[in-house]
Amino acid sequence: MSTVIRIGTSTCGQAAGAESVVSAVNAYVDRRQVPVTVQRTGCLGACHNEPLVEVTDNDVAVLYGPVSPERVSLVLDRHFGGGGGRWVDPSWILSRRPDHDDFPFLARQTKVTTRLCGVIDPMSLDDYLANGGYMALRDALRMPPEKVIAAVKDSRLRGRGGAGFSTGTKWEITRRQPASPKFLICNADEGDPGAFMNRTMIEGDPHRVLEGMLIAAWAIGASKGYLYVRAEYPLAVKALRNAIRQAAEYGVTGKNILGSGLDFEFVIKEGAGAFVCGEETALMHSIEGQRGTPSMRPPYPSVAGLWGYPTNINNVESFASIPSILLHGPAWFAALGTEQSGGTKAFALTGAVRASGLVEVPLGTPLRTLVEEIGGGCKSDRPVKAVQLGGPSGGCVPAELLDTRIDYEDLRRTGAIMGSGGMVVVDDTTCMVDFARYFLTFTQDESCGKCVPCRVGTRKMLGILTKICHGQGTHQDLERLTRLCETVRTGSLCGLGTTAPNPVLTTMRYFEREYVAHVDAGLCPAGICSMRPGTSTRAA
Amino acid sequence: MHRRVSANPIRRFNYQGDPLAEPAPADLMEILDRYRGQRDALITVLEEIQARYSFLPAKHLQYASRELGFPLAQVYGISTFYNVFKLTAPGRYQVRVCKGTACHVNRSSAMLDHLSEKLGIHEDETTADGLFTLQTVACMGACSLAPVMVINDQTYGRMTPDLSWEILSELVATERPRV
Amino acid sequence: MTNSIREIRQADCILITGSNTAESHPVISYEVIRAVKSGANLILIDPRRVPLARHATHYLQAQPGTDIYVFLAMAHLILREGLADTEFLAQRVEGFEDFRACVAEHTPEAAALISGVPAEQIETAARLYAGGERAFGTSAFGEGRGHSTILYAMGITQRSIGTQLVQMLANLAMLTGQVGKPSTGVNPLRGQSNVQGACDVGGLPEYLPGYQRVEDDVKRRQVAQAWGLDDLPSRAGLTVVEMMHAAAEGKLKAMYVMGENPLMSDPDLQHVEKALRNLDFLVVQDIFFNETAQLAHVILPAAASLEKDGTMTNTERRVQLLRPVVRAPGEARPDWSILAEVGTRIDRRRALEREVEFWEFASTADVMDEIATVTPIYRGVRHHRLRQAGLTWPVPDARHPGTPTLHVGTFSRGKGQMLPVTAQMPAEQPDAEYPLILSTGRTLYHYHSGTMTRRSEGLAWREPRSYAEINEADAARLGARDGGPIVIVSRRGQVRTQARVGKRVPAGTVFLSFHWREAPANLLTHDFGLDPKAKIPEYKICAVRVEVPKRGRG
Amino acid sequence: MISLTLDGRAIQVQPGTNVLQAALSNGIHIPHLCHHPDLRPSGGCRLCMVEIGGRPNPAAACGLLAEEGMAVTTQSERLTEMRREIIDLFVSDHPLRCVTCDKNGVCALQRYAYDYGISETSFDFELSRTLYQDDNPMFVRDHQYCILCGRCTRVCDEIVGANAIEISGRGFVSHVATPFDWAMSDSTCVFCGNCVQVCPVAALMPRGRIGMGREWELEHVRTICGYCGVGCGIDYAAKDGKILYAQGFPEAVVNGEFLCVKGRFGWDFVGNPERLTRPLVRRDLAHRLGLIDDPFSLPEESVFTSRIGVENFVPVDWETAVDIVAGQLLGTVEAHGPDAVAGLTSARCTNEDNYLFQKLMRVGIGTNNIDHCARL
């Protein structure tokens, strides 16, 4: 077997300079005339070590990172000889496949939806097929749709967008609607700052998402599928366009797919930059070419969605889980997780943590495992202060609750939410008031303005937080803030508003002393807030 | 008291001819023709117009409205709702500083302040020579390389204020002679 | 209208033809838009791309004067595809076989050649109308055939074959059973506030109040007796156009014109002016000194509708109560009291002794009481019953709740009458000298001869001057500039106006509104080729040419 | 029918009725600003939140379909507190200048601020919209009062179909805009003013009404529009015998609250100084009858090229005028027979007017020569 050099060239890799690494590798190969295949792949998830280069030689894959163009010769010399005795810094060698034993970042993960990310060339259908691609679709098309739905229900797969509704049940409701046509939407409008699960999955393994959608189309009886992808993800859009074209050539889209009688077509919609479009009714308005403002529910999209027709919306990760469920069986998938929720969940682990990137773990894994074992603790060697989950809709879990299991219900009990998978670790140099204020700045900015609690309420919440960060807050302000949080939480029209107070509520709950210090003593314990009246702190 | 603006005084209504009497530019029509009759295409059309012209010229929105049958008010409402749409011409280089959580925690705002000071413009403004437009972006999804800066389509990771200005300075050096 | 305005919002399919609903009847267009927004199909058949075309699910741009072929072809397709309501035809209609015969040769393909509407569009329209099919959403009327309604206006009636066209629309409705049910029917949209009522109470040469023919000896004598007389004149009188001819010929010597402006609104104004000048005596009773008043011998100042009470009957046959909002200026008086005064004076001059009540009424309510006695369809109408929502006639007795939907279960004449229809082209065809077709009509901001609307600040601001719509192809050929001046010339006169160039009218057609005394459209129109039954002039089609004035002239 | 309870009261409603409609039609007032019975529910104002038995969170009544057995609470301490907060938020960017505001007394926000005892905001006041647009003679748009309920944009889309306005921008600084904030007349606006009609606050006001009086000083008369054949009901508000504005009203059986431009803004011709106020006799006839000394003859030139002015007529009193009319008409009948006389009655006059006109012609003159412009 020949030698394969894989270079991660997804967005994170490119941001770290992967393109020049590719050039350097090609130059090396040309110069040395070595018999290798150079392959561009998606992201293996170890983004903190980008650019990543993996050299597979005699069934052993060695992963290097970060590999700057200057290091390319050194690394490759190790495999192809030469180099005149220069040595590779051992720290550049991250792991050896297949088991990654020496690299806890990968070894402690259970990769299901991201299994092929960073392993295959995302632009190559053959790579996907060689790794069992579209086998699940073939199986599904031979089953009655009801059985497919039953399998998904049995797998205990719950919506990976964060709400946690049973995917199978949702499909069943949509299937039962008499109206037709029916639509399918894949929500890839990953708007949470600090989240890149969808981007990584699409950039690394786009066909898996399509396959999941095709299985859903068969189960539900949908004829058209929209992929709503952020315009900020040009590489993901490119990968999807390529994959859709390949899927058409391969015969898994269009009329009478694989002789099953299923007709289905994909349409890519690039989201134009509005966080609120992650909310499903707003997303549908956006696809319809309207302003992306949410509508009241009911009716739910399953009953009356796009242009009034039944519409099933799932996010990228939910769809990406489907092929594995069909291939390995619902029992296998369910067994990966907890009593209530099956499977794995991917997280974008970022922040103060030593090893950051995309990680996938079984549901039920304690937070501590992610932060300390996979993430390797804080790179500053300072103590972990909190983990922020779910972005602006989520909340902070303090260090003392790190043994909380990753599960919809367990996390909700802490005041945080599962969310779509954003996980930001902060150490004790972060001011939690400022941190809450940061999220409010975001939600206030992204509020569509349709309902008053969110439009004006988040503005007023931000105003009070700013006052506190400037050392001008009072205890009345804290009370006012608490009351306002309740109004915005219960009064807002859509999820953006109802969850907007979460970062404030959780930080007030676990870090009340910091708030009090700002108000009473006029000082910021973390030393972040400038506490000078009239000057803006940095999130302004 | 807030200043109240009377934007358009009453003026005699006088039909002066159709403001869109001239046919639309051929390359605009090429975009519009591809989406004729597609009721779900409006945002995609606007994205394509912006990709082609780097912003959404008012006249082009009017052509899009007329040719595709979407009310102009709807077209305008959408153009102002979504972050990516710009109604004014941006600079040659659109510098976007990521303000995602990871970038925030890694002090991307310091980079923004630095660039703002060095360029002499605020967020969403364009330098007088038309070279740079300074913007922020909610999140680029390259959080592990935070803080991140994007110039047009090129992403730069692990930035510092000084490093980011260095990159811009190189662009200035190559562009200035032409200006 | 056979059905009420509010029923439109629940219709599954709406066919509008010969009506610029959004500009001439905006509030009815709101009902149409509501229906369309909730999923109804809107089929619009009109040569002019009227504003509602933007909301139409199917717009059929037929060449002027060719719509009759489209309707015949729709009927043809309905019969060919077995979409007719056979049960309805069997039970409620007569004359079906004759009608069937008359559509046999009118295939959609043949109609397409004449009208310019592609055959597939005609076929689709026919299927949607017949089946009452929606674009989306669920019907308010459950399973089965959805409900389709037809709305039309002067684009159908102001035609040399107006009666034929109206009959044809009725034929379509009967053929498909789209009549006598909610949200169906054949619904003419009437142009003026009380055009319906003026007809109802006998403002017509051949009808006494309640559409009782003057030639009908029994009914005429009943009315005469109610008025305390033995009999009334029994020969049908002259219609408007006939009056003008009679006046021009010297047969008609005196005219009493109340609240009308024939010297703007009648066809061939040069002829009308000649006729009016030829009168020995002309009384004009109005609120403004209009064009007709300039030729009057006596002008009587009247109160405007905002200054008086009484009733008006709208296009859906609803009799509604008017209340005075402000006082009439100066010595202006309500028309009814002026008329009563004139009547009294005539009697006095004739030395006739009548009962006191004959011309003396304490109020309009008293007048209505008398109307009710002689007008069967208004028999149950009394002012005090109108305070809430008015009453929709027929109201046969004092406790009858009114009849919003006509022809439920049975037609007023028993069985519905289908009649064969003969297609025919307009009376004046374009030729080498007058190559274009002129159509006249209203604009949104003005009303009729403009006496009221042009004196309204806002309306006059928004639409200050006359304009004509001309197709861009014709404009380019003639060298007419968008917004620039043009002169429209017909065999009868010429009018200078502003050109609005675009695609709203098809090539070969010019549209001109008739509200402008500086550019009176009716200088161009003709008064020959009246519809033989309705005697309506063909305002919608006459032959003209367009000239571009040389630079320098004003 | 569906049975549910509202504040413990058992009521029945048609399927498809939402809880807000159910409450309002049963005399239970739930506060609401963005809801309008003729428009699709928006759910933006959040004032109509109610509690439903068995559900943890309150829900907006306007978007909640009544269900069999539903137990709805419309008033509770929690709801009152929430509504107070929401009104507090509303007035934190809506000036409470009620004293000089023309909407005073009919403003929905003012009503709820009063009901819930909010005399000023407890937050920092910050005006988000300041534009004042006075670009047409019909209505004024004063954005500082706008509460973004979206009724205007919905009526423009759902009822009128004009799509002249849409909300522009987003969030706190969004506002209702024509494209590019151009003048109304450069948009697709048809000036029907239905947006003015449904505006619950003073953001959209008829221009002629501004500064002309307090709402409670105005007299309201409901009558029928005199323009086209639709027969819309219109409510005219007048003060000192002068009309200030016209509006639709929900009880109007044909049109509800909605009117067109002519109905809403085209009534001002009544006060026009050119109105005919006295009977007039043309000078030649007046001379013939000995009313004036100077002879006169009508110019030959067409009235369309050379207008014949009102100065060619002399005013007379009604007695004289009516006598001349009766005398001339009778003279014609005597000389040429009744069919030498004809009358045009009016499609814009009342049934009573028309009835008497045809009676005059048929009985007084003795002819059926009566017609009107039904055909024109």
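A salt bridge is a side-chain nitrogen of Lys or Arg within 4 Å of a carboxyl oxygen of Asp or Glu. The model is predicted, so local features need pLDDT of at least 70 and side-chain atom pairs count only at pLDDT 80 or more, while totals for chains, interfaces and linings use all residues. Residues are numbered from 1 along each chain as its sequence is written, chains are lettered from A and ligands numbered from 1 in the order in which they are written, and side-chain values use heavy atoms, with hydrogens and water left out.

**Exercise 1.** Describe the pairing of B:R36 and B:D33.

*Solution.* Step 1: the two side chains form a salt bridge, at 2.7 Å from N to O. Step 2: buried means under 20% relative accessible area, exposed over 50%, and partly exposed in between (1.4 Å probe, protein chains only). Step 3: B:R36 is partly exposed because its relative accessibility is 36%. Step 4: B:D33, with a relative accessible area of 42%, is also partly exposed.

**Exercise 2.** Characterise the salt bridge between D:D235 and D:R222.

*Solution.* Step 1: the N to O distance is 3.4 Å. Step 2: D:D235 lies in strand β12 (residues 233–239) of chain D and D:R222 in strand β11 (residues 219–224) of chain D, so the pair, 13 residues apart, links distant parts of the chain; strands (E, at least two residues) are DSSP runs, numbered from the N terminus, as are helices (H or I, at least four). Step 3: D:D235 is buried because its relative accessibility is 5%. Step 4: D:R222, at 35%, is partly exposed.
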